[in-house]
Amino acid sequence: MPQHPEILLLEGFCSLRFGARADDAIALFGEAEEIQQLNDELLGNSSTVYHYWDQGFSLFFDNNRQGVFCSVETDNKDCELFGLQIFSLKEKEVVALLKENGHGLSDTETHAWGEKRLSFDTAGLDCYFENNRMVSVNFGVLETGSAFTYFPN
């Protein structure tokens with residue numbers, strides 16, 4: 001893995017591109033420390049997650065789409081976005097950086113336990129803050145379709 005892992009919005013993580021297979025991740029990052037199956041029967045989602053705890057990230061592979069790489073969750077403090085270490089940025093700096101690169105803030109939410117989420121939908125990016133410090137980042141491919149079905153009257 002590169003010294004500074006890189007977030008490539010809508011493209012991938014480091015040199016692993018969205019749409020890649022688990023074997024490609026293993027070839028690049030080595031064996032995962034833990035592999036987990038996540039299933040949401042209500043939403044019909046199923047993922048296999050490769051956790052690289054020591055490297056500070058988890059890779060998600062969509063089982064509903066032949067197991068292709070679709071998203072990342074990271075708390076690696078060395079992670080870079082647009083050449084900057086994103087975990088060193090404050091909320092306003094993150095918003096400005098994304099806006100400067102064509103992605104406006106879409107939504108924010110503060111949970112009862114204090115965690116705050118900043119979402120940038122056009123970038124497929126969510127940033128999470130606690131006590132004004134970034135604690136994790138999730139990013140992935142954008143959904144091209146909707147699971148929602150409308151039944152007219």
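This is a predicted model: local features need pLDDT of at least 70, side-chain atom pairs count only at pLDDT 80 or more; totals for chains, interfaces and linings use all residues.
Asp107, Glu109 and Arg117 are linked in a network of salt bridges.

Strands β10 and β11 both belong to an open sheet. Eight strands form this sheet, in the order β4-β5-β6-β7-β13-β12-β11-β10, and their pairing is antiparallel. At the edges lie β4 (34-40) and β10 (107-110), each of which pairs on one side only. On average, neighbouring strands of the sheet are turned by 20° against each other, direction ignored. Helix α2, comprising residues 91-100, packs on this sheet and touches β11 (116-120), β12 and β13. The direction of helix α2 makes about 5° with that of β11.

The side chains of Glu91 and Lys116 meet at 2.9 Å, N to O. Glu91 lies in helix α2 and Lys116 in strand β11, so that the pair, 25 residues apart, links distant parts of the chain. Glu91 is buried, with a relative accessible area of 18%, because that value falls under the 20% limit for buried residues. Lys116, with a relative accessible area of 26%, is partly exposed.

Elsewhere in the sheet, strand β5 (residues 45-52) pairs with β6 in the antiparallel sense over six bridges. In this pairing, His51 stands opposite Ser58 in β6.

The account now turns to strand β7, which contains Thr74. Thr74 counts as buried, at 1% relative accessibility. Leaving aside residues up to four places away in sequence, Thr74 touches Gly56, Phe57, Cys79, Phe87, Ser136, Val137 and Phe139. The side chain of Thr74 also reaches the backbone nitrogen of Asn76, at 3.1 Å.

A search of the whole structure finds four salt bridges. One further example is the pair Arg65 and Asp62, with the closest N and O atoms 3.4 Å apart. Here Arg65 is partly exposed, with a relative accessible area of 38%, while Asp62 counts as buried at 12% relative accessibility.

Most residues other than glycine have a negative phi. Gln66 has a positive phi of about 60° although it is not a glycine. Gln66 is found in the loop between β6 (57-62) and β7 (68-74), and is exposed, with a relative accessible area of 62%. Asn131, likewise a residue other than glycine, has a positive phi near 50°. Asn131 is placed in the loop between β12 (125-130) and β13 (133-140), and a relative accessible area of 70% makes this residue exposed.

Notes: Residues are numbered from 1 along each chain as its sequence is written. Side-chain values use heavy atoms; hydrogens and water are left out. Helices (H or I, at least four residues) and strands (E, at least two) are DSSP runs, numbered from the N terminus. Buried means under 20% relative accessible area, exposed over 50%, partly exposed in between (1.4 Å probe, protein chains only). Two strands pair if DSSP finds at least two bridges between them. Axes are lines fitted to C-alpha atoms, for helices over the stretch in contact, and angles run from 0 to 180 degrees between N-to-C directions. Contact means heavy atoms within 4.5 Å. A polar contact is a pair of N or O atoms within 3.5 Å; within protein, one must be able to donate a hydrogen and the other to accept it, and residues adjacent in sequence count only if both atoms are side-chain atoms.
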